[in-house]
Amino acid sequence: MEPGPAWGRTACIVTGASRGLGRSLARLLAAHLPPGSALLLVARSAGPLGRLEGELRAACPGLLVRALPADLGSDQGLRRVAEAGRELREARDPQRLLLINNAGTLGDVSKTFCDFSEPGDVNSYLNLNVTSALCLTASILKAFPAQPGFSRVVVNVSSLCALKPFKSWTLYCAGKAARDMMFRVLAAEEPDVRVLNYAPGESQGGLCSPVVGFQNFTTGSVGVAWWAWQGEGYCEI
């Protein structure tokens, strides 16, 4: 992946940025975004997010880095991130939008399918892991409307669990499958938006998907960043 100017001024938003793949992606992207770009880091954990903000500001002085602690499972959290996105567009006049939907939770893997008899438990999970990704992406795309010469890229961090069932992972599998199809519909409806469903493999931090084989965060981050730079249309990795 080539660094810097080929990207153009970029407004980059990474959710779930405080640890794991999200943090690794933020570090890699910060090093490659050209001067004048902006990186918005979103997560619920204010402490780790603030430390990452300080680290990236020191390492990349030409980059605007902002940490935004927010709970994407709440209406208020979604509104805060959408407003921050609009502020980035107005302040930086970017040539590219890169939105990485990485935030997500595992759910209660001590329960099997037949244990989920209470709608509240299921709705709460889907609200954070499916509804928020849809509403946030829609809000950000509205804040960065299509225009000549402007590139819009959306990445959904997926999983093998979107395709293959695993016992006791009912909510996680259902959520990942729903998100994959949701973003495939986005690609069909908005052909100018480049959409990537990316399954990084087993993770060392945060969530740990029950998949065969390990792909470290650095390798996975390079793959996402490379595609965001020169991939086209809809893609699954």
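Start by selecting Asp93, which sits in the loop between α3 (75-92) and β4 (96-101). Those labels come from DSSP: helices are runs of H or I with at least four residues, strands are runs of E with at least two, and both are numbered from the N terminus. Asp93 is exposed, with a relative accessible area of 53%. The cut-offs are under 20% relative accessible area for buried, over 50% for exposed and partly exposed in between, using a 1.4 Å probe and protein chains only. Now check the backbone: phi of Asp93 is near 45°, a positive value in a residue other than glycine. Why point that out? Most residues other than glycine have a negative phi.

Before you click on, a word about what you are looking at. This is a predicted model, where local features need pLDDT of at least 70 and side-chain atom pairs count only at pLDDT 80 or more, while totals for chains, interfaces and linings use all residues. Residues are numbered from 1 along each chain as its sequence is written, and side-chain values use heavy atoms, leaving out hydrogens and water.

**Next selection: Ser168**

Ser168 is in the loop between β5 (151-157) and α5. Here too phi is positive in a residue other than glycine, with a value near 70°. Is Ser168 buried or exposed, or partly exposed? At 23% relative accessibility, Ser168 counts as partly exposed.

**Zoom out**

Color by secondary structure and you'll find six helices and seven strands. Follow the chain from the N terminus and the elements go β-α-β-α-β-α-β-α-β-α-β-α-β. The protein has 237 residues, and buried ones make up 49% of them.

Now for contacts, meaning heavy atoms within 4.5 Å. Take the contacts with a separation of 6 or more: 75% of them are between residues 24 or more positions apart.

The mean pLDDT is 87, and 82% of the residues reach 70 or more. Over residues 204-219, though, the pLDDT is below 50, and this stretch has 33 contacts in the model beyond near neighbours in sequence.

**Helix pairs: α4 with α5**

Select residues 119-143 for α4 and 170-189 for α5: they pack at an angle of about 20°, with their axes 10 Å apart. Axes here are lines fitted to C-alpha atoms, for helices over the stretch in contact, and angles run from 0 to 180 degrees between N-to-C directions. That angle makes α4 roughly parallel to α5. The naming goes like this: under 35 degrees is roughly parallel, over 145 roughly antiparallel, 65 to 115 roughly perpendicular and the rest oblique.

Show side chains and look for the residues that meet, including Val122, Tyr125 and Leu141 in α4, and Leu171, Phe183 and Leu186 in α5. The residues of this contact divide into twelve nonpolar, three polar and one charged. In this scheme Ala, Val, Leu, Ile, Met, Phe, Trp, Tyr, Cys and Pro count as nonpolar, Asp, Glu, Lys and Arg as charged, and the others, Gly among them, as polar.

**α3 with α4**

By class, the contact of α3 with α4 has seven nonpolar, three polar and two charged residues.

**α1 with α2**

Pick residues 20-32 (α1) and 46-59 (α2): their axes come within 10 Å and cross at roughly 15°. That makes α1 roughly parallel to α2. Arg23, Ala26, Arg27 and Ala30 of α1 make the contact with Leu52, Glu55 and Leu56 of α2. The classes here are four nonpolar, no polar and three charged.

While you're in α2, click Ala59. Ala59 is exposed, with a relative accessible area of 57%. Its C-alpha atom is separated by 8.0 Å from that of Ala31, 28 residues apart along the chain.

**Last stop: Val193**

Val193 lies in strand β6 (residues 193-198). At 1% relative accessibility, Val193 counts as buried. Which residues does Val193 touch, not counting residues up to four places away in sequence? They are Leu141, Arg152, Val154 and Leu186. Draw a distance from Val193 to Val154: the two are 39 residues apart in sequence and 7.1 Å apart in space, C-alpha to C-alpha.

Key. pLDDT = per-residue confidence, 0-100.
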